[in-house]
Amino acid sequence: FAPTDARPPYSRGTDRMISVTLCFNRQLDATQSVPKVQMSPEVKGLVVSVAGNALRLTGSFDRGDGMYDARVLGDVRAHDGEVLPAGAVYAFKVPKRRPTVRFPHDKGYLSPRGNLALDLETAAVGNLMISAQRVYRNNLGTHLRRSFSYWHGYSSLFGKDVATEEMPIQREGDEVVRTVVDLKKLLEEPRGVYRIKVSATDKTWVGDEAFVSVTDLAITT
């Protein structure tokens, strides 16, 4: 009964939390007390759980250059009862965040009397182009029945471009930056259905879109 390897995720974008598995060569006893794991550098709020043949570490992993050491401070018990004494050590590297632009909420309603702000998360990008397309009543039914894709732009057949704006992103390194798209500034006095598209100008094929109904009715007939 022995430790084998550590497996971080293959890639990461704007994920707040990721999981790394510390693997063993046998299935673990799922009923055992979960041993503590010491991380260097420290990972605040780290959660450790037993998962199959591994200890799963869940946390932000945003410290240092991505290189981590993990030391298991407690005994680990296999499903057949054999015990591995405390002290197993793993070394692994968490990948850098890939260039990502993401709307956490990509559809819904906003009140024209509210802030008209869309949450936006970015990683490893420095400049964005924001565009708004309005979907008019005569195309609303067709738009709702058709699937859409950011890359293929099916929905662009059913709307009209009404605004564009450039937005720089203040960042240090590849950390996640949380900001907002101000629809009140972009669209002045919006009412109706809009497709909001955001694209990185300093990276290729990086972007996202959201569909927003600006209404005080919260219903479309």
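Because the model is predicted, local features need pLDDT of at least 70 and side-chain atom pairs count only at pLDDT 80 or more, while totals for chains, interfaces and linings use all residues. Residues are numbered from 1 along each chain as its sequence is written, and side-chain values use heavy atoms, with hydrogens and water left out.

When a salt bridge is taken as a side-chain nitrogen of Lys or Arg within 4 Å of a carboxyl oxygen of Asp or Glu, the count comes to 13. One of these joins Arg 77 to Asp 29, with the closest N and O atoms 2.8 Å apart. Arg 77 belongs to strand β7 (residues 76-77) and Asp 29 to the loop between β2 (18-24) and β3 (37-40), so the pair ties together parts that are 48 residues apart in sequence; strands here are DSSP runs (E, at least two residues), and helices are runs of H or I of at least four, numbered from the N terminus. Asp 29 is buried, at a relative accessible area of 16%, whereas Arg 77 is partly exposed, at 29% (buried means under 20%, exposed over 50%, partly exposed in between, with a 1.4 Å probe and protein chains only).

A salt bridge also connects Arg 97 and Asp 62 (3.1 Å, N to O). Arg 97 lies in the loop between β9 (89-93) and β10 (100-102) and Asp 62 in the loop between β5 (54-59) and β6 (67-72), so parts 35 residues apart in sequence are tied together. Arg 97 is buried, at 7% relative accessibility, whereas Asp 62 is partly exposed, at 47%.
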